[in-house]
Amino acid sequence: MENAARRWLYGRDLAVWHAPEYRWPMSALEPRTGLSPRRADFALWFLLEQRALRRRNLRLPRRADYQELARVHTPELLDSLGQAETLARIFSVEPGDVPVDETMNTVRLVCGATIDAAREVTSDATPRRLGRRALNLLGGFHHARPDVAGGFCAVNDVAVAIAALRAEGLRGRVLVLDLDAHPPDGIAACLAGDSSAFIGSISCSDWGPLPNVDETVLPEKAGDEAYLAALDALLGRMPGGEIAFVLAGGDVLAGDPVGRLGLTLAGCRERDRRVADALVRIPSVWLPAGGYHPDSWRVLAGTGLMLGVRSKAAIPGGYDPLVAKFSAIAHSLAPEDLTEPATGIDEIAEELGLATRRRRLLLGFYSAEGLEHALYRYGLLGELRRMGYGPFRVRIRDEGVGQSAKLVDVPSGEPLIETVFERREVAGARVLYVHWLALRNPRARFSPERPPLPGQEVPGLGLAREMTELLLRMAARLGLEGIAFRPSAYHLAFEGREMVRFVDPARQGRFEALSGLLKDLPLAEATRAVAEGRVRLDGAPYVWEADEMVKWLAPRADDRAAIDAAKAASRFSLAKD
Ligand SMILES: [Zn+2]
């Protein structure tokens, strides 16, 4: 569509705010809470790839300064945010899991973005008849009160942005539409003195009366129809205003472990359409608020699609933003960035004893420098830096079986990533065979909520998905057909279950039957039960079968019938000690 026609129809370009630091730098966050640190990245990558967002409309946030935060929050609260213990409580992790400066950097960038987004949509640059829109890909920290933080909300970016606009002379009414599954208790507390503000909310948790909130509490699993009816009623009661903040919560999605409203992805998109239409003449800032389901990035990307290009098209079910992103990076990496040119001179010098042995190449291709460069380009080194590590060295060694590559944190000497692999044939195909893979976060501590798994010396890094994708890109570059490994214990197969499958369909079926039996046990307990022989198959103690699991680069169809037959035939039971 022509640019001019597009502007006429939709009336505005969507400005989107995002920073690489929007990924929360806490490796325990996802395993402990379900909050995916990748949500903002995934939504951004998808919107750019779909051309629903043009690069010139992408805004890089600045950090809000403490003066801006202090318009809303007490000095005591702001002081306490410098302590790992406070942030650990807010984010439901252990203090050892919180890099304080990096976490507060993220919080302040989000606040800076919400403030600047609010300024941009209320500036006089566009005709008044059309409300401009901005989307901040993180934020909507609605549970933070002036003096109390909690529920993943260290400070209240919405209240901070409203206070900034007021300080700059905004007089009219401010609207807040809180469409997260939880009530806007923090926003209500922050705006208690603003008698003209309108706060509308639909949630499914009754946290007691919030006097200044138009609150609708729906039953659990209300679903699209009931939700959209309540939304229409709320939008009907909403007065006019100078600016609206929309918390397009991701935790309304069906299956969300924290929100329980049970909306479909299509229902979420329809929610956004109705709100956008109701705000056609009112400038609005949109924020993602909560979302604890693996698909919550789809809710956020959907909000971007609706606001940016008014699309109702579903995001394909099999689409994985990480795969798309990593394959784009792989295409941009030239082979000479990863390996070492063969000069011939080295060999002669080596023969004559004039030079030390040539540096080892991993799998005959990757130099240590090349691997370090790849880890940097795929973003892993950046994430490790934010967790407080670096500078880094990669070490390659020949092992009894295959070769090892380690990423070492130079100051502590601690390995952060350890791998041992070789080329091998599995099921008639050449694959990258992973003998060992460990992602280590030696700064983090185990806790009763996050106990060690067998063989685990320190907690993980939260980068397993990126690492798996990186190994697949390596396999592709080496001309191999996939990656394979042999899980020596139940938990290793369980952790890889979304990515890898047992080669043998009957074995996959037995594994699925077993994980069905153990699904309600914490993973550490489940894997111990298998290792200690407390699981029985057809009445006899079951011995873990460490068979090969594989992920093919070119997806192959599962032999579902054979898997299901084996699954149905496997009678697993759990002995009582
Ligand atoms: Zn929520």
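How much space lies in the second largest pocket?

Mentor: About 890 Å³ lies in the second largest pocket. This is a predicted model, where local features need pLDDT of at least 70, side-chain atom pairs count only at pLDDT 80 or more, and totals for chains, interfaces and linings use all residues. Residues are numbered from 1 along each chain as its sequence is written, and side-chain values use heavy atoms, with hydrogens and water left out.

Terms next. A pocket is an open set of points on a 1 Å grid over the protein atoms alone, where a 1.4 Å probe fits, with protein on both sides within 12 Å along at least five of seven lines. Lining residues have an atom within 4 Å of a point. The volume is the space filled by probe spheres set on the points, which are joined across faces, edges and corners.

Now the lining. The second largest pocket has 34 lining residues, and D41, L44, W45, K325 and I329 lie nearest its centre. Helices here are DSSP runs of H or I with at least four residues, strands are runs of E with at least two, and both are numbered from the N terminus. α13 gives the most, with seven residues. By class, the lining holds 18 nonpolar, three polar and 13 charged residues. Nonpolar covers Ala, Val, Leu, Ile, Met, Phe, Trp, Tyr, Cys and Pro; charged covers Asp, Glu, Lys and Arg; the others, Gly among them, are polar.

Next, S27. S27 sits in the loop between β1 (15–17) and α2 (29–33). S27 is buried at 7% relative accessible area, where buried means under 20% (1.4 Å probe, protein chains only). Leaving out residues up to four places away in sequence, S27 touches M387, N441, R450, G460, L461 and G462; contact means heavy atoms within 4.5 Å. With N441, the side chain of S27 makes a side-chain polar contact at 3.0 Å. Such a contact pairs N or O atoms within 3.5 Å, one able to donate a hydrogen and the other to accept it; neighbours in sequence count only if both atoms are side-chain atoms. The C-alpha atoms of S27 and L463 are 7.9 Å apart, although the two residues are 436 residues apart along the chain.

Conventions. Buried means under 20% relative accessible area, exposed over 50%, partly exposed in between (1.4 Å probe, protein chains only).
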